[in-house]
Amino acid sequence: MFNIADGGFTELHTLWQNEERAAISSGKMNEIWHRRHDFWLLAGIVIHGYARWQDIQNDPQFAIVNEPFKSQANKGNFLEMKNKFLARRFKLLEQALVIEEQLRRAAYLNMTQDPTHPAMALNARFAEVECLAESHQHLSKESLAGNKPANAVLHKVLNQLEELLSDMKADVTRLPATLSRVPPIAARLQMSERSILSRLASKGTETHTPPPIPPGPYATPQNYGAPFTPAPPSALHMGGANYSQMPPGSFISVLNGPPMSVKKEREVEMLLHRREQRSGEVICIDD
């Protein structure tokens, strides 16, 4: 099954759960947007390019992305509405994919969060607020029904919540000072500005072969079969890379941009040369 392991940092899995429940209960597997549509939307972006919504919609291989909008085809702003939805949906998918990649790198490099970091205190208090609110949510109904003991407990719980929120507000005010002490990118990568630009320029000259996309079986409306069952290994050929063996590095790559021309490389070199010259100048001021 197609999945994005975002660690619960986005609302994607909540949406998937609600959408799949609605699609299964209504039997409208084509018309209600859900996880399978997201897969084919991402596959279309791999083939046609970033934000090329119209090209994806016109490709019969990705006709499934058009199915949820057929009932709105008679509206005047039909294309604009559809493109805006695809852009919003892809923004959520992109955010979840970025978080998934960050979590994967952190796991590979055995990175752990400093327990003394102010963000950890904020996270612990938020979990406490959430637990306190969920465990006492029934008190409001009982208090409204005239239950005096429940009313007294509710006031105590509200006071505790107020104190926790006050502490969280104090934690938030300390975060900007903590973030300002984060070292710059060049220091964290242990690379000079010239090395970073050189790395970007050299990466741009490499050629990358996109992974093959399985033939889309959704050119015409048809029954999808059993809902949300894992596809056989022979059905998809997109996962050839072994990411568990990824070496540590700066993770800088230029995958989608055109190769950097010789003229552009010389402009970068001239920019760095002028910057070095300016840093070596001595400015004198007469009294």
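User: Which residue forms a salt bridge with Asp167?
Analyst: This is a predicted model. The closest N and O atoms of the pair are 3.7 Å apart. That is within 4 Å, so the contact counts as a salt bridge. The partner of Asp167 is Arg125.

User: How many residues apart in sequence are the parts that the Asp167 and Arg125 pair ties together?
Analyst: Asp167 lies in helix α7, residues 148-180. Arg125 lies in helix α5, residues 118-135. The pair therefore ties together parts whose separation in sequence is 42 residues.

User: Is Asp167 buried, partly exposed or exposed?
Analyst: Buried needs under 20% relative accessible area, and exposed needs over 50%. Asp167 has 34%.

User: Is Arg89 buried or exposed?
Analyst: The cut-off for buried is under 20% relative accessible area. Glu19, at 13%, counts as buried. Arg89 has 6% relative accessibility, so Arg89 is buried.

User: In which helix do Glu101 and Arg105 both lie?
Analyst: Their side chains meet in a salt bridge at 2.8 Å, N to O. Glu101 is partly exposed at 25%, and Arg105 is partly exposed at 27%. The two are 4 residues apart, about one turn of the helix, and both lie in helix α4.

User: How many salt bridges does a search of the whole structure find?
Analyst: Asp167 with Arg125 is another. The search of the whole structure finds 9.

User: How many aromatic pairs are there, and what form does the pair of Phe39 and Trp40 take?
Analyst: The count comes to 9 aromatic pairs. Phe39 and Trp40 sit 5.1 Å centre to centre, with 85 degrees between the planes. Over 60 degrees counts as edge-to-face. The Phe39 and Trp40 pair is edge-to-face.

User: Which residues form one aromatic cluster?
Analyst: Phe39 is buried at 14% relative accessible area. Trp40 is buried at 5%. Both belong to the cluster, which is formed by Phe2, Trp16, Phe39, Trp40 and Phe62.

Definitions and conventions:
Residues numbered from 1 in each chain as written. Predicted model: local features only at pLDDT ≥ 70, side-chain atom pairs only at ≥ 80, totals over all residues. Heavy atoms only, no water. Buried < 20%, exposed > 50% of the residue type's maximum accessible area, 1.4 Å probe, protein only. Phe/Tyr/Trp six-rings, centres within 6.5 Å; stacked < 30°, edge-to-face > 60°.
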